[in-house]
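Hi,

Here is the structure I promised to pass on. My notes follow below it.

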Amino acid sequence: MSEPILADLARRLVLTALCGAFAPSAWTASHPRIPIWNAPDIDKVCGETLSNARASVAALERLPLSQATVERVFRPWDRLQILLEDTQGPVDILTNASPDAATRTAGEACLLKINEFGTELFQNEEIYAQFRRLVLIDRIDRKLKKDVVEAFEDTGVALPSEKRARMKQILQRLEEIQQTFSRNIRDNKTRLSFSPDEAKGLPASYLEKARRDDKGNYLLGFEYPEYEPFMANAENEEARRRYYTAFNNRGTPQNLDLLDEATRLRREIASLYGLPSYAHFATRRRMVENPETVHRFLDEVKDRVREIERKEIGELRAFKAERLGKSVQEVTLNRWDLPYYQEQLRKARYNVDQEALRAYFPTDASVAWVFAISGRLYGVKFVQAKALLWHPSVRYYDVIDGKTGGFLSGMYLDLFPREGKYSHAAAFGVRSASLLAKRTPISVLVANLDRNGLNHRELETLLHEFGHVLHGVLSRTRYASQGGTNVERDFVEAPSQMYEEWTRKKEPLLLVHKYCKGCPEVDEALVKRLHAARSFGRGIQYARQHLYASYDMALFGEREVDPMQGWIRMESETPAGYVPDTQFPGTFGHLVGGYGAGYYGYMWSEVLALDMLSVYGKNLMNPAAGRRFRELILSKGGQRPAAEMVRQFLGRAPSPKAFFEEITGQRGD
Ligand SMILES: [Zn+2]
């Protein structure tokens, strides 16, 4: 993806929620649906949930330590998680996607209360002692115990009381910061005005849809379907510079202050634990285990992409000079030139035009195709069914097991931009599987795609998020807190990064036209051209990923770094440099969310993703490999360590070979 930051946030329940007696029947039915609460509903449900949860905690606390058994501790614990999730899950999606501002505001307030309750729960010494005392034989139980004990310790249960109280304040403030940061971007209604002359180069289909003022100027906002095609196609360099600068100031200046505060608070967390940095605190629970492993990995990536990036930038600069009829020395390649000249070069050299691709991938047909290939690979069916929805453009589907015909789970698609909606693409694991509670999962795919047709990047985004959704809806875990995407943060992107490959290989791609009558047919020649076009720009793409990951590690590393000054310094060292007056860190929501000292996880996961593709052999539509993936990875959620699951799926130790071949362009089509 040319702008990997657009990728997404895979949501993880911080503590997970649950539901109570007041839950509406739609939510507790055998084919549950997300309840569509308004602001007063949320206030009521939230209050009732917390009071029920407090009663559950009190009951758990009363259990004498000598009587702590799996039956008496894990079962009520799973019920408590479910009780919380039954409120937190729906409220989280409504807060991010409801068209009603009052609902979103009530949702934020409720999530803060649940967060506060969660901190208290995970600082509860009695329950912590019960978990610690349990001696377990079963592997899944042992993994749950480890996860829960670590979560208690990471929340401060074992700290002296003063530090514990401070930890509670910090965690609450971090949750507020995350909400405000996200809201500042989500609710930004800025529109820039561009004259028809400045919009030259954009296709008629784009311009027809755009809003205009009474003078005929185009009024463009920050939704991806407006911003990205403009940056790739508008001939007017000054217009692109203006749009780029505004886009990289969304949410600022306030978000810069919030990021700075989050950085300081996380530094303080590390000091409460006597650790050298927040990166140490965070990575010790991940696959990498420590920051040194991350830095070694990032150095290896840098060694491989530096030269490729420089070469590509050189080619783009020469291309720009040629287009403008100037000598290379006379032109500078600016950051707002990168998407434009990459797109124009790909058109000229490989005959691949992202706007023209929309005719091959109409949005509805693309969704039907994703259902079909997922169905064939994983042995499932997606059946549209009735449900109450938070917006009329949302769709609900039952996920049905192909072999037994049994109901597995539910899935919502919310694909198009609108005012006040979450602005990236993400999968929300609203409801987790629990075999113990006979609980079926629900996931929601949220994106901001073009309604009429997808370009290749959007198709990748759709598959990426669908990979997360499958991880949620096909999970069959014993305990809710281990369901779906509740895995190590540096593994969570592996199934989604892997699924992007299905937009690149002929076996799946040749099937697209079956779902669209009258569309131009994707043939082998087009697949080859797509592959060739994608091979240009890898250096630029992975160098950018490397920059994001390195910046994230620096911000949460041992030395204090001012977020804006640190960014200016690091981006200035790249070939396209830093653009004055841009404040990118204020738009980088991953850093205040779950990806603090974790952005490297995108590339780390991609190592595993590309390696796991080897099991599919020469044919990505290999159903035997698909079933194996469903069984050994998707259905297992976080009930086994990721390293163990990957090893079993591969039948050998993982290797970074395929990843390094990918970033250096040595992987074949
Ligand atoms: Zn993702």
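Helices (H or I, at least four residues) and strands (E, at least two) are DSSP runs, numbered from the N terminus.

Bear in mind that this is a predicted model, where local features need pLDDT of at least 70, side-chain atom pairs count only at pLDDT 80 or more, and totals for chains, interfaces and linings use all residues. Residues are numbered from 1 along each chain as its sequence is written, and side-chain values use heavy atoms, leaving out hydrogens and water.

Now the sheet. Strand 4 and strand 5 (residues 218–220) run antiparallel and are joined by two bridges; R212 has Y218 in strand 5 as its bridge partner. The open sheet has three strands in the order 3-5-4, with antiparallel pairing. Strand 3 (192–194) and strand 4 (211–212) each have a single partner strand, so one side of each has no neighbour in the sheet.

On to the disulfides (cysteine sulfur pairs within 2.5 Å). The whole structure has two. One links C46 and C110, S to S 2.2 Å. C46 sits in helix 2 (residues 39–62) and C110 in helix 4 (residues 101–121), so the pair ties together parts 64 residues apart in sequence. The S-S torsion there is about 90 degrees, so this disulfide is right-handed.

The other joins C516 to C519, S to S 1.7 Å. Its torsion is about 45 degrees, so this disulfide is right-handed.

Cheers

Terms used
Pairing = 2+ DSSP bridges.
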